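We will go from one selection to the next.

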Amino acid sequence: MPAQESYPDDLRYHPEHDWARIDGDEATMGVTWFAQDALGELVHYEAPEVGSTVAKDSSYGEVESVKAVSDIIAPLSGEVLEVNAKVVDAPETVNDDPYGEGWLIRIRLSDPSEVDALLDPDAYRAHVADQ
C-alpha cells in the first residue's frame with residue numbers, strides 16, 4: 001500500500017526531492033514522498049558503492065520506475081557508509097515507506113555546513129505546492 005503524503009519535521013529537504021536525516025556527522029538519505037509519487041512504482045535501484053563519495057547537488061544513483069529512469073541527487077556530500085540492501089532487492093519499499101524502511105544510503109558528512117542550505121519542512125511543502 002503506498003505511503004500517505006508526508007514531509008517529516010525531523011528531516012531537511014533538497015529541491016530535487018531528496019531528504020536527509022542528520023545524526024551528528026552522519027546523514028541518512030532518500031527520496032521524498034513527492035518524488036516516489038511522481039515516479040510511480042519503483043522497479044530498480046542503482047546504488048553507489050560503499051566507500052565511494054557523493055557530492056551535494058550531483059547524481060549518486062538511479063531509480064527506475066514503470067514510468068521513467070531518474071537520477072537521485074545528493075542533498076549533502078560525504079562518504080557512503082551503508083547502502084540499504086532491502087531497497088536494492090525490493091525497490092518498491094520506497095513507495096511503501098520513503099522515510100523509514102525505504103531510505104537509500106547513509107553517509108559520513110564531509111562538509112556539515114551544507115545542511116544549512118537545505119530546505120526545512122515548511123519551505124519544502126511550499127516548493128512542492130509550486131510543482
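How many bridges join strand 2 to strand 3? Six bridges join them, and the two strands run antiparallel. Strands pair if DSSP finds at least two bridges between them.

**Before you select**

This is a predicted model: local features need pLDDT of at least 70, side-chain atom pairs count only at pLDDT 80 or more, and totals for chains, interfaces and linings use all residues. Residues are numbered from 1 along each chain as its sequence is written, and side-chain values use heavy atoms, with hydrogens and water left out.

**The whole chain**

Show the chain as a cartoon. It has four helices and nine strands. Helices (H or I, at least four residues) and strands (E, at least two) are DSSP runs, numbered from the N terminus. Along the sequence the pattern reads β-β-β-α-β-β-β-β-β-α-α-β-α. The radius of gyration is 13 Å, close to the 14 Å that the globule rule gives for 131 residues, so the chain is as compact as a globular protein of that length. That radius is taken over C-alpha atoms, and the rule is 2.2 Å times the number of residues to the power 0.38. Along the principal axes, the C-alpha atoms fill a box of roughly 35 × 35 × 20 Å.

Switch to a surface. The chain exposes about 6,400 Å², and carbon and sulfur atoms supply 46% of that area. Accessible areas come from the Shrake-Rupley method with a 1.4 Å probe; for residues, only the protein chains shown count as cover. Of the 131 residues, 45% count as buried. Buried means under 20% relative accessible area, exposed over 50%, and partly exposed in between (1.4 Å probe, protein chains only).

Color by charge. There are 8 positive and 29 negative charges, and their mean positions are 4 Å apart. Lys and Arg count as positive, Asp and Glu as negative; His and the chain ends are not counted. Each charge is placed at NZ of Lys, CZ of Arg, CG of Asp or CD of Glu.

Go back to the cartoon. Six strands form an open, antiparallel sheet in the order 1-2-3-9-8-5. Its edge strands are strand 1 (12-14) and strand 5 (53-54), each pairing on one side only.

Start at strand 1. Three bridges join it to strand 2, and the two run antiparallel. Select His14: its bridge partner in strand 2 is Asp18.

Now select His17, in the loop between strand 1 and strand 2 (18-23). Its phi is near 75°, a positive value in a residue other than glycine. Most residues other than glycine have a negative phi. Is His17 buried or exposed? His17 is buried, with a relative accessible area of 11%.

Cross to the next hairpin. Strand 2 and strand 3 have two residues between them, and Gly24 in the turn has a positive phi of about 65°. Ile22 stands opposite Ala27 in strand 3.

**Strand 3 and Glu26**

Select residues 26-31, which make up strand 3. Five of its six residues are buried, so the strand is largely enclosed by the rest of the structure. Four bridges join strand 3 to strand 9 (residues 105-109), again antiparallel.

Center on Glu26, in strand 3. Its bridge partner in strand 9 is Arg108. Which residues does Glu26 touch, not counting those up to four places away in sequence? They are Arg21, Leu81, Arg106, Ile107, Arg108 and Leu109. Contact means heavy atoms within 4.5 Å.

Among contacts between residues at least 6 apart in sequence, 65% join residues at least 24 apart.

**The other edge**

Finish at strand 5. Two bridges join it to strand 8 (residues 78-83), and these strands run antiparallel. Select Val54: its bridge partner in strand 8 is Gly78.

Last stop: Asp57, in the loop between strand 5 and strand 6 (59-65). Its phi is near 70°, a positive value in a residue other than glycine. Asp57 is partly exposed, with a relative accessible area of 49%.
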